[in-house]
Amino acid sequence: EFVLSGLSNHPELQHLLFFTFCLIYTFTVIGNLLIFMATLHPTLCTPMYFFLRVLSFLDISTASIVVPKMLVNFLSEDRSISYMGCATQLYCVIFFAATECYLLAAMAYDRYMAICNLLRYAIIMNSRVCLSLVLLSCCSGNVVSVVQTAWVFTLPFRGPKKINYFFCDIPPLVMLSCTDTSLYEKQIITATVLVIFTPFCLILVSYACIVSSILKISSAEGRHKTFSTCSSHLTVVTLYYASGTLIYLRPKSSNSQYTKKVLALIYTTIIPTLNPLIYSLRNKDVKGVLIKII
């Protein structure tokens with residue numbers, strides 16, 4: 001088995017951290033569940049809301065893989081996790097995170113089609129295409145997760161197997177290895193480029209085209225509204241991709257473990273809480289449906 005050190009070794013902070021992250025997790029689950037339920041409403045049947053529904057599911061899943069175990073460890077002296085439990089947690093975290101990376105690129109493409117090809121939007125972004133994009137994102141995330149998890153757990157680990165982290169992740173597990181990991185580090189760089197840089201470049205290209213179309217809008221109010229939506233989306237996307245890049249591009253970098261823990265908290269805990277606010281709760285249509293549901 002492995003032992004997770006958690007976020008902090010100070011006993012006086014454990015209860016405060018427990019209540020803080022319990023509250024964050026509660027908001028994450030409730031916020032994303034509300035969005036999931038709202039986007040099932042017949043009036044919100046466009047591709048944008050379909051992708052939002054999938055995103056809400058991924059955010060709940062990512063947080064649920066990491067936070068409950070972290071909460072238990074705040075109040076327990078036994079912070080052990082079994083070998084298979086650690087492998088399962090690593091697989092799930094990578095799967096949901098990689099799938100979300102690809103899904104965010106699909107969402108940017110959807111926004112590009114909606115703004116730049118409005119007349120053909122309904123024909124191009126039909127239900128079959130939307131479902132195919134989601135399935136492609138899931139399949140790609142699964143391939144990445146299987147390869148990374150299998151590779152990490154073929155490494156020999158030295159004892160004591162104490163993971164200086166709050167969940168099983170690639171960098172702290174690589175640090176426990178007692179063999180040369182240079183080949184693995186090259187492989188993780190390749191995976192990072194495929195999972196993070198490639199979708200991010202596609203998002204930037206999509207938004208460059210979107211901005212070009214927005215500048216042609218004659219109404220100042222219309223330009224401001226569209227720019228506001230784009231800036232919010234890009235802010236979350238940048239935070240998500242940047243935190244992942246800094247963690248996985250150099251798994252044995254000189255960055256402190258504290259810094260890596262903070263970056264990991266951003267994409268596993270903070271962003272799933274912010275996504276409902278940024279993507280949906282500012283939307284009048286979603287607000288109207290939520291009021292009816294409540």
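Good morning, everyone; let me start with charged side chains, where a search of the whole structure, which is a predicted model, turns up one salt bridge. That bridge joins Arg 111 to Asp 110, and the closest N and O atoms of the two are 3.1 Å apart.

Let me turn now to the aromatic rings, for which a search of the whole structure gives 17 pairs. In one of them, Phe 2 and Tyr 83, the ring centres are 6.0 Å apart and the planes meet at 20°, and because stacking is assigned to planes under 30 degrees apart, this pair is stacked. What does this pair tie together? Phe 2 belongs to strand E1, residues 2-4, and Tyr 83 to helix H3, residues 83-116, so the pair ties together parts that are 81 residues apart in sequence. Phe 2 is buried, with a relative accessible area of 0%, while Tyr 83, with 36%, is partly exposed.

Another aromatic pair is made by Tyr 165 and Phe 167, which are tilted, with 5.4 Å from centre to centre and 55° between the planes. Here Tyr 165 counts as buried, at 0% relative accessibility, and Phe 167 also counts as buried, at 0%. Elsewhere, ring pairs link Phe 200, Tyr 240, Tyr 241, Tyr 248 and Tyr 267 into a cluster.

I will finish with helix H5, which covers residues 127-152 and has 26 residues. From its first C-alpha to its last, H5 reaches 37 Å, which is close to the 38 Å expected at 1.5 Å a residue. At the start of H5, a side-chain oxygen of Asn 126 comes to within 3.1 Å of the backbone nitrogen of Arg 128.

Which residues of H5 are buried? They are Cys 130, Val 134, Ser 137, Gly 141, Val 144, Ser 145, Gln 148, Thr 149 and Val 152.

Conventions: Residues are numbered from 1 along each chain as its sequence is written. This is a predicted model: local features need pLDDT of at least 70, side-chain atom pairs count only at pLDDT 80 or more; totals for chains, interfaces and linings use all residues. Side-chain values use heavy atoms; hydrogens and water are left out. Rings of Phe, Tyr and Trp (its six-membered ring) pair if their centres lie within 6.5 Å; planes under 30 degrees apart count as stacked, over 60 as edge-to-face and the rest as tilted. Helices (H or I, at least four residues) and strands (E, at least two) are DSSP runs, numbered from the N terminus. Buried means under 20% relative accessible area, exposed over 50%, partly exposed in between (1.4 Å probe, protein chains only). The expected span of a helix is 1.5 Å times one less than its number of residues. A polar contact is a pair of N or O atoms within 3.5 Å; within protein, one must be able to donate a hydrogen and the other to accept it, and residues adjacent in sequence count only if both atoms are side-chain atoms. A salt bridge is a side-chain nitrogen of Lys or Arg within 4 Å of a carboxyl oxygen of Asp or Glu.
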